[in-house]
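Trainee: I am new to this structure. Please show it to me, and then I will ask about its parts.

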Amino acid sequence: MGFGKKKRGAYKAKNKPVEENNGEEKKQKYFDERKPYADIERDNEKFKTYYQSQEILSPEEFEEFYQFIKTILPSTFRITGSKSTAMEILEVVEKVYVPSMQNVVIDGHRIEPPKPLPWYPDNLGWQVNAPRLVIKKSPEFQKFHKFMVTETEAGNISRQEAVSMVPPLLMDIQPDQWVLDMCAAPGSKTAQIIEAVDSSNKLNEMPTGLVVANDADYKRSHMLVHQSKRLQSPCFMATNHDGAHFPNIHVPRDDTPEGKLELPWQFDRVLCDVPCSGDGTIRKNEKIWDNWTVAGGLSLHSTQVQIFARGCQLVKVGGRIVYSTCSFNPIENEAVVAEVLRQTKGAIQLVDVSTQLPELKRKSGLSTWKVTNKEGVYLHSLEDIPEDRQRKKFPASAFPPTAEEAKEMHLERCLRIYPHQQDTGGFFVAVFEKVAPLTATDRVSLARIQGKAIADADLEAAKKEMEEVETETTDAAADAADAAADAAAVVAEVAVDAEVTEVTSSPETPMITTTEEEVTPPAKRASVVDGAEIEVNPKKVKTSKDEEKKLFEGKPKRDVPGIKEAPFEMMSPNSPDLDEITQFYGLNPSFPRDQFLLRSEGSAKGRSLYFVSSSIKKVLESKDFGRLQTVNTGVRLFVRQSTPLVEKGCPFRLTSEGLPLLDTVMTDKRRITVNMDALKTLLVEAFPIMEQFPEDVRKQVEAIEMGCCIVHVNKAEEKESQMTVPIVLPVWKGKNSLNVLLNKKDKRSLAQRIFGMIPEATPDHLVQRSTENQELRQEADRKAALMEAEQQK
């Protein structure tokens, strides 16, 4: 008798009672774009009862809110990039597309044209009140949809939920500041931060800021790289750590003279968009209607407190930190805020931002709330729970503060954004300023900046803090290895039979799944199975000894398991490769040669040259850099050709992502100006030869050595064609050809956007030749690596 694999849920389906239809049409359970106007069942009595009891709104307004969250969430997008580029894209949207979409009716429903979000600065945030499938199928919206797709691929538009845009706007980020995004994936908010840090009004000046985007999940941290890649900022760094245990490293700052005591890095701005139950996304993530439970918010409360409190340590005195969730639950919102305000003892204060974004409709934060168990029984304190085992599930910090505490905390300064107010999702935001030192590091840093004498006691305390961090980092690394092994064992054990629970990420990400036995830190938005046993760290009863302890002096549990990345190594400014590049491309002597980065190992080292800001360079050169699990940093400027040049020339070619940085620092010796017909040949033809270009282009090319060049479009024709952004492309001059150096996706996007044409496929013999060259290069690298290993023995 064979043992076949039984399908999951087969027994349940077999024994499940058949529901009677009674002649009525069965309702859809979730939104389906194929039936955008179908009647969908959206209701959860536990959700409704819980939030009614919390009195988040008046009874009348709550009913309006509850009916509104059953409607479909509109699509929203943000115009991104530099100020000049954004304004050109905005002009196209306002003057070309919006007028063409007036009075559109589909299936008897009037579809409004896109409209700007009234509170987003400069009309750069937009809302589209139509399901995506309707937009795709509507003849009136076809051109706009095509525009959206191409500009999104080009990086000029970012699709992002409206309320998700709010936290970065309230951070008050200034150019060249150091900013940390603690739970950053998938990266839409990080992109806003990068734009703000790089938005210096000084033309042709190299950005000097720093944006560290961190996420606890390794795969999600790579989403940060993808999301930020279109901005191509040398100030960006992606890391992979548990936000609650984000490491300290020594990094010298301009306000901290070198040669003296180096202190842990601190940031001018910090964003804590923490993991949460995500019920504020219920209009988009309809499965929350089925999955929502009271336990969801309570289970994440302690994690949220730990991440936020660590953020308070990392922000510098005078800096701003923003805490946010996409949850309605006060246990995840005001309760977390109240607990961290208690712990920081006046060093962190809530900021009144009621005058910022005046067109954004919001409600004040709550000063009191109710804690319930999974049966819905209200608990006033831990004393209401008789059993110790049950009591451990409820941290004392989840309970509301006293009336006197609430008054001092000013919880009303928190922002609650409800969907029915401006047709959005739900969100919670709280803005804080660090007004006094919280740690010894704060005290020493502040004294240095103010030019005051540093107390010996503070110096010793700061050194002790660093020693403790070093010990914690070593212990965390050992624990991480054990955690990785445990995780593999648990996943293998529960893979077949474990119940799968839906987990929703932040408003701009798709749904992902996890198991109840999850061993990694929670995803950005997480929900809990009803009735699951959730253990959280109980808050200890404070004693006089506890009162003397500093904030989070204890050893952290563990960080995330580390994954080995290719090493990050600064390139010597005296490298012969840089000499050759500078001479060949005519780089301005003022362009920094000491900020180039290598990322490959062995013989492959030096194949790609990256460029980083001066701030990133300081981080990479820190003696503690090894503690940082860095996923990515730097903008790739040059790549070594896989095949040797037959004639004289530079073996390094330019990259399309590096051109925004290089275009302003290169002379005209390797520039070519073309008309629109020549541009079409470059983008549409698979392998254009010289005879296909006009005579003036051929003469320019003939005067240039073989290798990489920059192509510009004639300004007069560029203006006549109403192009939104000046076209600057890298091209390769061969013996008798001129080829644009773009990947297939970017080339197709550009050809469709400008000419409405799809590029020709590359001939098979050229694909084969390229493959053979790559194989030869890989074989050469392998042999070189073996020789190097033999020499080291």
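Mentor: In helix 16 (residues 440-450), the buried residues, those under 20% relative accessible area, are Ala440, Thr441, Asp442, Val444, Ser445, Ala447 and Arg448. Helices are DSSP runs of H or I with at least four residues, strands are runs of E with at least two, and both are numbered from the N terminus. This is a predicted model in which local features need pLDDT of at least 70 and side-chain atom pairs 80 or more, while totals for chains, interfaces and linings use all residues. Residues are numbered from 1 along each chain as its sequence is written, and side-chain values use heavy atoms, with hydrogens and water left out.

Trainee: Which residue follows helix 16?

Mentor: The residue after helix 16 has a positive phi, near 75°. That residue is Gly451.

Trainee: Is Ala461 buried, partly exposed or exposed?

Mentor: Ala461 lies in helix 17 (residues 456-494). Exposed means over 50% relative accessible area, and partly exposed lies between buried and exposed, with a 1.4 Å probe and protein chains only. Because its relative accessibility is 25%, Ala461 counts as partly exposed.

Trainee: Which residues does Ala461 touch, leaving out those up to four places away in sequence?

Mentor: Contact means heavy atoms within 4.5 Å. The residues touched are Ala440 and Arg443.

Trainee: How do the directions of helix 2 and helix 3 relate?

Mentor: The axes of helix 2 (residues 45-53) and helix 3 (residues 59-68) come within 11 Å and cross at roughly 150°. Axes are lines fitted to C-alpha atoms, for helices over the stretch in contact, and angles run from 0 to 180 degrees between N-to-C directions. Angles over 145 degrees count as roughly antiparallel, under 35 as roughly parallel, 65 to 115 as roughly perpendicular and the rest as oblique. Therefore helix 2 and helix 3 are roughly antiparallel.

Trainee: Which residues of helix 3 make the contact with helix 2?

Mentor: On the side of helix 2, the contact is made by Phe47, Lys48, Tyr51 and Gln52. On the side of helix 3, the residues are Phe62, Glu63 and Tyr66.

Trainee: What is the order of the strands in the open sheet?

Mentor: Two strands pair if DSSP finds at least two bridges between them. For strand 1 (residues 75-79) and strand 5 (residues 125-128), 4 bridges join the antiparallel strands. The sheet has 4 strands with antiparallel pairing, in the order 4-5-1-6.
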